[in-house]
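Hi everyone, thanks for coming. Let's have the model up on the screen before I start talking.

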Amino acid sequence: MDALETWTRSEHTADVRGRPTTHPVWRKGTGPGVVVVHEMPGLTTGVIAFAEELVAAGHTVLLPHLFGPVARPFSNLDVARTMPRVCVSREFTKLATGVTTPVAGWLRSLARELHAELGGPGVGALGMCFTGGFALAMMVDESTVAPVLCQPSAPFVGLPGRAADLNLSPADADVVRRRAEAGCEILGIRYASDPLVGSRFDSLTDLVGDAFIRVELEGRGHSTVTEQRSQRAVDAVLDFFGERLHAD
């Protein structure tokens with residue numbers, strides 16, 4: 001069975017760098033909204049399985065498809081095929097530091113639309129791996145009240161200055177800091193031994209202090225809620241969304 005057979009497909013259009021941009025979006029569930037941004041190489045069956053756990057926990061989940069294959073298991077071959085296309089896309093930053101990924105504007109628009117429909121305190125956002133920092137960029141808009149960063153890995157580690165970068169412009173970083181001071185907490189999850197995350201968790205602690213909730217898992221792994229799924233990680237996400245998205 002197609003992993004998305006029980007999901008409803010639509011499209012969302014919003015501005016990216018001054019141009020209307022459209023991406024498919026799959027939807028399922030009822031309750032407070034959560035936007036799950038898939039990892040490299042695409043909207044894999046592992047990402048969909050994790051989203052099903054959020055649906056079962058009582059959330060309306062949106063799965064935007066930004067790049068790569070859809071509803072296929074993770075494979076290194078798909079990573080090799082997808083990476084060159086992502087690297088030439090103007091929607092994403094890969095190496096630049098001190099800038100916000102352009103697709104953040106599209107994701108903020110998606111979150112605003114979902115919040116306007118569902119009401120409540122706001123929506124949750126979760127990014128992972130290459131998109132791990134996207135949820136932080138979505139926090140710049142007040143519709144996102146529960147950002148989760150799973151193993152944020154962009155800009156790519158390997159060249160000087162990139163391991164600590166949060167994929168945010170200085171102006172957006174200042175908004176994140178102010179929102180954190182006003183009570184919006186951020187959840188970050190990683191395997192402690194994962195080199196791809198670099199020192200970004202330390203950068204977030206420096207930026208927002210105790211508003212950054214760090215979950216650092218033992219063992220070797222990278223994808224905390226999908227390919228090397230940790231129950232501790234999944235439980236942390238479910239608790240975080242449950243506490244922050246349900247109206248008093």
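I'll go through the salt bridges and then the nonpolar cores.

Quick housekeeping: this is a predicted model, so local features need pLDDT of at least 70 and side-chain atom pairs count only at pLDDT 80 or more, while totals for chains, interfaces and linings use all residues. Residues are numbered from 1 along each chain as its sequence is written, and side-chain values use heavy atoms, with hydrogens and water left out.

Let's begin with charges. How many salt bridges does the structure hold? The count is 15, where a salt bridge is a side-chain nitrogen of Lys or Arg within 4 Å of a carboxyl oxygen of Asp or Glu.

Take Arg-72 and Asp-78, whose closest N and O atoms are 2.6 Å apart. Are these two buried or exposed? I'm using buried for under 20% relative accessible area, exposed for over 50%, and partly exposed for in between, with a 1.4 Å probe and protein chains only. Asp-78 is buried, at 4%, whereas Arg-72 is partly exposed, at 39%.

Next, please find Glu-185, which pairs with Arg-244 at 2.3 Å between the closest N and O atoms. Glu-185 sits in the loop between α5 (170–181) and β7 (186–191) and Arg-244 in helix α7 (residues 231–245), so this bridge ties together parts that are 59 residues apart in sequence. Helices (H or I, at least four residues) and strands (E, at least two) are DSSP runs, numbered from the N terminus. Glu-185 itself is partly exposed, with a relative accessible area of 26%.

Then there's Arg-214 with Asp-202, the closest N and O atoms being 3.1 Å apart. Here strand β8 (residues 212–217) supplies Arg-214 and helix α6 (residues 200–208) supplies Asp-202, so the pair links parts twelve residues apart in sequence. Arg-214 is partly exposed at 32%, and Asp-202 is partly exposed at 41%. There is a network too: Asp-174, Arg-177, Arg-178 and Glu-181 are joined by salt bridges that share partners.

Now to the inside. A nonpolar core means buried Ala, Val, Leu, Ile, Met, Phe, Trp, Tyr and Cys residues joined through side-chain atoms within 4.5 Å. Which residues have the most contacts inside the largest one? They are Trp-106, Phe-130, Leu-136 and Ile-186, in a core of 45 residues. Elements giving two or more residues to this core include β1 (8–16), β5 (123–128) and α5, and α3 gives the most, with six.

Trp-106 touches, among others, His-12, His-23 and Pro-64, not counting residues up to four places away in sequence; contact here means heavy atoms within 4.5 Å. Apart from this core lies another, of 33 residues, including Trp-26 and Phe-240.
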